[in-house]
Amino acid sequence: MRAFAREPARISATGVERVVRGDAVTGAGLDEALDGIDVAYFLIHSMETALNGAGTFADRDREAARRFAAAARVAGVRRVVYLGGLVPADAPASPHLASRLEVEEALLDAAPEAVALRASIVISARSRSFRFLVRLVERVPVMPLPAWRSHRTRPIDGRDVITFLERAGTSDVVDGPLSLDIAGPDAVTFAQLVERIRDALLLGRPRLNLPVTMTAIGSRVAAAITGEDPGLVGPLMGSLTADLLPRDDRAAELFGVRLHGFDAAIERALREWETVEELAGR
């Protein structure tokens, strides 16, 4: 197994035989990283504050996908596996989700057996979106919930995401470009998502329903409270203005994945987090 990273010292996964230093946005190191590779995972996302006028996250992601796809075709990569985001069925995609879809389209053309997986929020101790929500619930005395609170989604356990990724790279049922939605078994509103995190943390945080969305201001305030990058929080909150539900559930049957329930996913993620850091209220 070969890895590709801007900072090889940050790669701590076991089983990696070699780490190639590079940058997908500039294309540096891609040819070396993909040489002789049969299956490649594209898990690159640039949704963070840019430095030195590097353009928007959509610009960076578009360029990274374009360069990666070109290098994969030259190297003869058989299968590319990509993890993107669910797209609303009955509303325009936010800039964040539109960018995810654009990257998917570029990568589905990168290899004869490319697989794109679309997920909503991932419930995991290492998921930045989940960690952001936990920090927010920990640190606010009252939970203000904007107008998007009633929209629904189906969060997915991080363990199930890993299983989907592994099987997407190895399953013989893939015989051409494939786009699949992956989701947990439980549909919840965004308000219920936050409340279930609150309850799992054993915290008393009364809910305050707001009549407006307030994404621009609210995202900056939330980022400051949690210590998170506003470049990440703003686009994430901007994607909550519609239901984010899967097109169908065929991915679980196709790859034989047994899904964990929503409450079990939250409890597991918090327990894993607590092995390295104490959480408020538990």
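Predicted model: local features only at pLDDT ≥ 70, side-chain atom pairs only at ≥ 80, totals over all residues.
## Reading burial, helices and salt bridges

Q: How is a helix read, and which residues of α8 are buried?

A: Helices are DSSP runs of H or I with at least four residues, strands are runs of E with at least two, and both are numbered from the N terminus. Helix α8 covers residues 230-238, and its buried residues are Gly-231, Leu-232, Val-233, Gly-234, Pro-235 and Met-237. Among the elements that cover these buried residues, by contact (heavy atoms within 4.5 Å), are α2 (57-75), α3 (95-108), α4 (128-139) and α7 (215-226).

Q: Which residue caps the N-terminal end of α8?

A: A polar contact is a pair of N or O atoms within 3.5 Å; within protein, one must be able to donate a hydrogen and the other to accept it, and residues adjacent in sequence count only if both atoms are side-chain atoms. Here the cap is Asp-229, with a side-chain oxygen 2.8 Å from the backbone nitrogen of Gly-231.

Q: What is a salt bridge, and how many does a search of the whole structure find?

A: Side chains of opposite charge can pair when their charged atoms come close. The criterion is a side-chain nitrogen of Lys or Arg within 4 Å of a carboxyl oxygen of Asp or Glu. The search finds 24 salt bridges. In one of them, Arg-128 meets Glu-228 at 2.6 Å, N to O. Because Arg-128 lies in α4 and Glu-228 in the loop between α7 and α8, the pair ties together parts 100 residues apart in sequence. Glu-228 is buried, at 18%.

Q: Where do Asp-181 and Arg-247 lie?

A: These two residues form a salt bridge, with their closest N and O atoms 2.8 Å apart. Asp-181 is in strand β10 (residues 178-181) and Arg-247 in the loop between α8 and α9, so parts 66 residues apart in sequence are tied together. Asp-181 is buried at 5% relative accessibility, whereas Arg-247 is partly exposed at 46%.

Q: Which residues are linked in a network of salt bridges?

A: Asp-38, Arg-78, Arg-79 and Glu-113 form such a network.

Notes: Residues numbered from 1 in each chain as written. Heavy atoms only, no water. Buried < 20%, exposed > 50% of the residue type's maximum accessible area, 1.4 Å probe, protein only.
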